[in-house]
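Please look over the sequence and the structure before reading on.

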Amino acid sequence: MSDSEVTIRIPGGVPLLPAARPRHTGALDGTLTSQSLTPPLLWQRLISFPALLGSLLVGAVATITQTFFVDPDVWWHIKQGEYILATRHLPTQDIYSLTLSGKPWFAYEWLGDVLLATMYRLGGMRGLDVLLMVLGSAILIGLYTLAAIRSGNSKAAFVATAAVFVLATVSFNLRPQMLGYLFLVLTFIILERFRMGKRQEVWALPILMLVWVNAHGSWIIGLGVIGVYLAGSLLEFHTGDIEAHRCSYSDRLRLSVVLALCAGATVITPYGTKLAKYPFDVAFSLPLGVANVIEWQPMPFNLMAGKVFLVLLLGFTVLQIAYRFTWRLEEFGLFLFAAAVACMHRRFLLIFVPVFVQMLATILARWVLRYDRDKDRRVLNAIGMAIILGIAVRYFPSQAELLSNVGKTYPVAAVEYLNHYPVPGPMYNTYGFGGYLILTRGPEHKVFMDGRSELYERAGFLADYYKISDISPDALFVLQKYGIQSCLLNHDEALATLLAALPDWRKVYEDPTSVLFVRRNDPPAPRQSAAAGVSGLELETLSAHGNDGGRVALRTVHGAASSRIPKNEEEASWAGN
């Protein structure tokens, strides 16, 4: 018997599953299937067809994470986590910056930093890749679960999740933001289950918020979502395609208390209220960073992810006009807000995706047949899931392969060169290299710039960095202002072209990823530079003799062209899409 053939209505409760009314397909109508009267055993759920669909999503995540493209900020997050684990103290001032060392600074995502450092300590690059895969898979499975809960149709939920896959994976860059992404999806799941009658689960939200505020600043979004659901529960009306259902007094009271507890949890941090203030500081007090970081820029409709976003929006509009789906006030309000902020700032796709995926699944449920447990073929499901798992394990990249991938984007070989040969300082470095230099060279070799743009902007330094990187008319004067004697740059950036043409700068090291210049007025001792053609690098020390002229050979194992390091956080992810 299909799960759509026999239904029963739950009296006195909130709506549960989509109605069959054509005009109200988008609304929940309080139906349960006969199959829900005899729930399957745990082992049956684990090898069911919906579980197989979920494993396909995990397989897709495993495929894209093999390349191990990570955000430039991940490296300094790891170093900060290592500092916390080693000292058992949280930082209160900067120890990594050449220009701002000693200035007040706090680890505003300290819990995420500790997680990254722990995985790096346990497994190196492979540990980080495992974490990237686990977090990405958890987010996709969460989206799939959310869509299935809202639509009551696991097949439609899978199709909807696959449709937003490109948009969802834009933020898969292994930084604490991925934790915030996962927590937001979990918040939606808990609220949807609360609306369906699972009232006790909502008490998990304050605990989730306590972890969230210490892991990433996106907690403010989760708090807002809870507030919107509470506001929707206070009203009762139906106008056009929008409707609201007032919850019972006890449910409204319960949700109000949960919201108050969540708000209170935001000040339970090692830094007091500083973490609660941080999202507002970024939004309203750091205009230069917001204006220059790519993820804060408008939606790029010329790139693949932007085109997918536009197609989904237009498709939703056409279907809404044609079939007049009815939506709850809170979900449609969140949809309008999420679409608007995603258009203004592409980083807010992490809001749009969980809001939209459940609405898309509800629409698709009109045409997609529901899963019929009685027709399931669990043996075939188990075989398929085993094949997917086997492929993921078989092709999981080795430590050397991951280091090779990192070397295509970050100055792996250049750091090895710097570790063996003295280079005069102070040294200027491009934005995207700063985090990697912090991790690999430590606080004794301070960086000119890294991804902590809020630290540099508050001190008035960020503007000077952009004058140099953007080759403004006084770029060389600013380099002199800070006494720069060497520059570690991305191979293809404009400043590298400029310095190569100037007589007072000399190129002493080059590979397809990075290039190193020193001033001729303070030339370094003669040394062997790496051969061109290094991309993924295997470093082989042939001999090392301290101060008497040891040499390091850099052996090329790949010859691909370098990828440009973005001076922002998501440019390469968008370019890849």
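Q: Which residues is Ser218 in contact with, leaving aside its neighbours within four places in sequence?
A: The model is a predicted one. In it, Ser218 belongs to the loop that runs between helix H8 (204–215) and H9. Once the neighbours within four places in sequence are set aside, the residues in contact with Ser218 are Gly180 and Trp212.

Q: Does Ser218 count as buried or exposed?
A: A residue is called buried when its relative accessible area is under 20%. Ser218 has 6% relative accessibility, so Ser218 counts as buried.

Q: What share of the residues in the chain is buried?
A: The chain contains 24 helices and eleven strands. Of its 577 residues, the buried ones make up 54%.

Q: What separates the C-alpha atoms of Phe69 and Leu402?
A: Phe69 is located in the loop between helix H2 (49–65) and H3, and is partly exposed, with a relative accessible area of 24%. Along the chain, Phe69 and Leu402 are 333 residues apart. The separation of their C-alpha atoms is 9.4 Å.

Q: How many Å apart are the end C-alpha atoms of helix H11?
A: Helix H11 covers residues 274–285, which is twelve residues. At 1.5 Å a residue, a straight helix would reach 16 Å. The end C-alpha atoms of H11 fall short of that, being only 14 Å apart.

Q: Within what arc do the buried residues of H11 fall, seen down its axis?
A: The buried residues of H11 are Leu275, Ala276, Tyr278, Pro279 and Val282. These residues line one face of the helix, because, seen down the axis of H11, they fall within an arc of 160°.

Q: Which element gives the most to the lining of the second largest pocket?
A: Several elements give two or more residues to this lining, among them helix H3 (74–87), helix H9 (219–232) and helix H14 (329–344). With six residues, the element that gives the most is H11.

Q: How many nonpolar residues are in the lining of the second largest pocket?
A: The lining can be sorted by class into charged, polar and nonpolar residues. Eight are charged and ten are polar. The number of nonpolar residues is 24.

Notes. Residues are numbered from 1 along each chain as its sequence is written. This is a predicted model: local features need pLDDT of at least 70, side-chain atom pairs count only at pLDDT 80 or more; totals for chains, interfaces and linings use all residues. Side-chain values use heavy atoms; hydrogens and water are left out. Helices (H or I, at least four residues) and strands (E, at least two) are DSSP runs, numbered from the N terminus. The expected span of a helix is 1.5 Å times one less than its number of residues. Buried means under 20% relative accessible area, exposed over 50%, partly exposed in between (1.4 Å probe, protein chains only). The arc is that of the directions from the helix axis to the C-beta atoms. Ala, Val, Leu, Ile, Met, Phe, Trp, Tyr, Cys and Pro count as nonpolar, Asp, Glu, Lys and Arg as charged, and the others, Gly among them, as polar. Contact means heavy atoms within 4.5 Å.
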